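Biologist: Can you put the model up? I'd like to go through the interface and then one of the chains.

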Amino acid sequence: MATTTLTLKELSKKEDRFTHGHRMCSGCGAPIVVKQLMLASDFPLVVANATGCLEVSTCISEYTAWKVPWIHNAFENAAATLSGVESMYRSLRKQGKIDKEIKFVAFGGDGGTYDIGLQSLSGAMERGHDLLYICYDNGAYMNTGIQRSSATPIGADTTTSPVGSVIKGKTQPRKNLTRIMAAHGIPYAAQASPAHWRDAISKFKKALEIKGPKFINVIAPCNRGWRSSTDDAILLSRAAVDTCYWPLYEVEDGVTRITYVPKEKKPVEEFLKPQGRFKHMFAPGNEHLLAQFQAEVDREWDRLNREAREQTPEKA
Amino acid sequence: MKRYLETGNFAITEGAILAGCRFFAGYPITPATELAEAMSSRLPQEGGIFIQGEDECAALHLCVGAALGGYKAMTATSGPGYILYADPYGWAIGSEIPVVILNSGRVGPVSGITGAPGQGEFYLTRYPTQGGNFETIVLAPNSAQEAMAMTVEAFYLSERFRTPVTVLADQLITDGFEDISVPESDGEMEEMGFRTWPRKINRGPEFYPAMDEIDVPPVVLGHNTGALCSDWTPTEEGYDIEQVQAHHKHAYRLIYKVRNHRSLFNHLYEKNFMDDDPDLVVVSYGTPSRVVNTAVKKARQSGLKVGAVRLINLWPFPDEHFRRKTKYLSVELNWDGQLVREVQRAAPKDSEVHFIGSCGDLPTVTDLIEAFERLLQGQSLARRGWELEEW
């Protein structure tokens, strides 16, 4: 079904609808996510982009990296704007004025999706618009210079949750947005990682073929904000999956399925150590911070496994 | 006194802390993000609280909530965030809750240009929320040092008037690095003209006095005050009442408590070369006023009879500076002309009122002097493309 014949050879022959030459930082995870989405589909696409790194860096002065119709609206409005566009399209199709099958995709960073844009996203999902919302989650407001968001993991050092002698970075765990979206009862919600490209592209492909509201949350390493090396994006998005910090799963029609189970669940240190934003956690005396992070990941992973087990459809 | 080479955002942070601000809720937006960042590390050191809201509307609501809890609170943003304040701003005005708001103007409309100064919110700061029936207090500094002073002053006025006060700066003021002196004692604060007013607690029984009385402490929840605080039209006791007579009393209070006590802040302006009834008066506020002041000084040296009025208190609008019939020129960082409309309204009938607009870029001294010459010779500015229409 979903994983048909996804080979690199075949994908390399596809037209680039998100071109090179954009101004995203070198080693950024977000453009990889967009590229994978574009490769997943042959449908004509209309893209809406909430304010954020991706938006400001892909359409600069008289240049654009988008070879598809592209709409930017303020931070909080991508889902609402696209809902309007999609409604108009549906009406035009009904009237017979358009016969093409067009797909609608919204991109937002975690600030524009988890925080300020959550209301309009939730509204779009509940109303049942036929669109796919993709959040590229780099775990902070990177565009304005690394401020904490509700996607920032516990303990992370950001400019508005700074590590001091008393307060050690962000004190709250991150919001589980994928679960919140799945709780809307939408036909498809999933989590993906650019390192597992086959899994990610399959999910994008599947989502675009399903009618109704879809949501996919994709981890997108940011070397500026994560204080990691510029060539670590894939390594870190893989480590996020292998440590089960970022499990790959999908919730289709209410049924949770883990799409990739690491052979060996790695300790969170593998994900945290290469990142400067967690440096203080490795200082002597801060072992409890690491333990707290691990406990948080374990709890979420166990819960996800339990859910997946409970919801597995019985074999005929 | 300690001197720093620092940004306006730094100066405003220190000013707020000097004024007793111990609560800041913000949301990232260029060019006010650094203020939130500075507050996130400075406030915990001072025993205060920093919270990042999920958007600007939440940030100001958090501040209003904190103010109701007895804190002096502040938030900061730029144009696209300021419009999201509409709801909590109205609540703070209506329920008379003191809070300080910094708006660092960038180029609009919409997201516009983030890293360039703009003055598109002159009228928005007058009417930051719906419904009318209120006056707003707005202060506009033109340097980092003055931004600190006006932040302190904003807290002072917001406490005495029980109302939100906006400090309207722009990108160059908040982002620019300047020489900043921070007072280190009460004596030094007094020396620098910093006034502070402590947070007092309204012990009732009235929610608000029916007249234009000021210095009535704001409502604070808890402290056994049994206070009510509602978003509807309140009675003097604080009960909800959707009734025209009560509304009239409340509206009268919101308007006249400010209008009748202008003397508290109407000294907030700067006049240069205004003593000899100049033939041309240049009006400005914020960053452009710095270019205007230089241009007027130079023009005087070459014999042009020009004077400058710089507004620091923008709202309520100080009509008294524009009583004389002469030529006026408003220099603003927008293309539509906002301040010029108020000058035109305040100036005597048939006064010549001109406008030079720009956005993102400041006008140059040379350009301004040329404009002064043209106007003094009775020529129009329109041919230079400065004026979109003749005023």
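**Interface and chain B**

Modeller: This is a predicted model. Chain A and chain B bury about 1100 Å² between them, and carbon and sulfur atoms make up 57% of that area.

Biologist: Which residues of chain A lose the most area to chain B?

Modeller: Ile116(A), Thr144(A) and Thr160(A); together they account for 38% of what the chain A side buries.

Biologist: And how many residues does the contact take from each chain?

Modeller: Chain A gives 16 residues and chain B gives 17 residues.

Biologist: On to chain B. What does its secondary structure come to?

Modeller: Chain B has 13 helices and 15 strands. Its radius of gyration is 21 Å, close to the 21 Å that the globule rule gives for 391 residues, so chain B is as compact as a globular protein of that length.

Biologist: What does the C-alpha trace span along the principal axes?

Modeller: About 70 × 50 × 40 Å for chain B.

Biologist: How much of chain B is buried?

Modeller: Buried residues are 60% of the 391 in chain B. The accessible surface of chain B is about 15100 Å², with 50% of it belonging to carbon and sulfur atoms.

Biologist: Of the contacts in chain B with a separation of 6 or more, what share is between residues 24 or more positions apart?

Modeller: That share is 77%.

Definitions and conventions:
Residues numbered from 1 in each chain as written. Chains lettered and ligands numbered in written order. Predicted model: local features only at pLDDT ≥ 70, side-chain atom pairs only at ≥ 80, totals over all residues. Heavy atoms only, no water. Helix = DSSP H or I, 4+ residues; strand = E, 2+ residues; numbered from the N terminus. Rg over C-alpha atoms; globule rule 2.2 N^0.38 Å. Buried < 20%, exposed > 50% of the residue type's maximum accessible area, 1.4 Å probe, protein only. Contact = heavy atoms within 4.5 Å. Areas by Shrake-Rupley, 256 points an atom, 1.4 Å probe, with all protein chains shown as cover. Buried area = accessible area lost by both parts, 1.4 Å probe.
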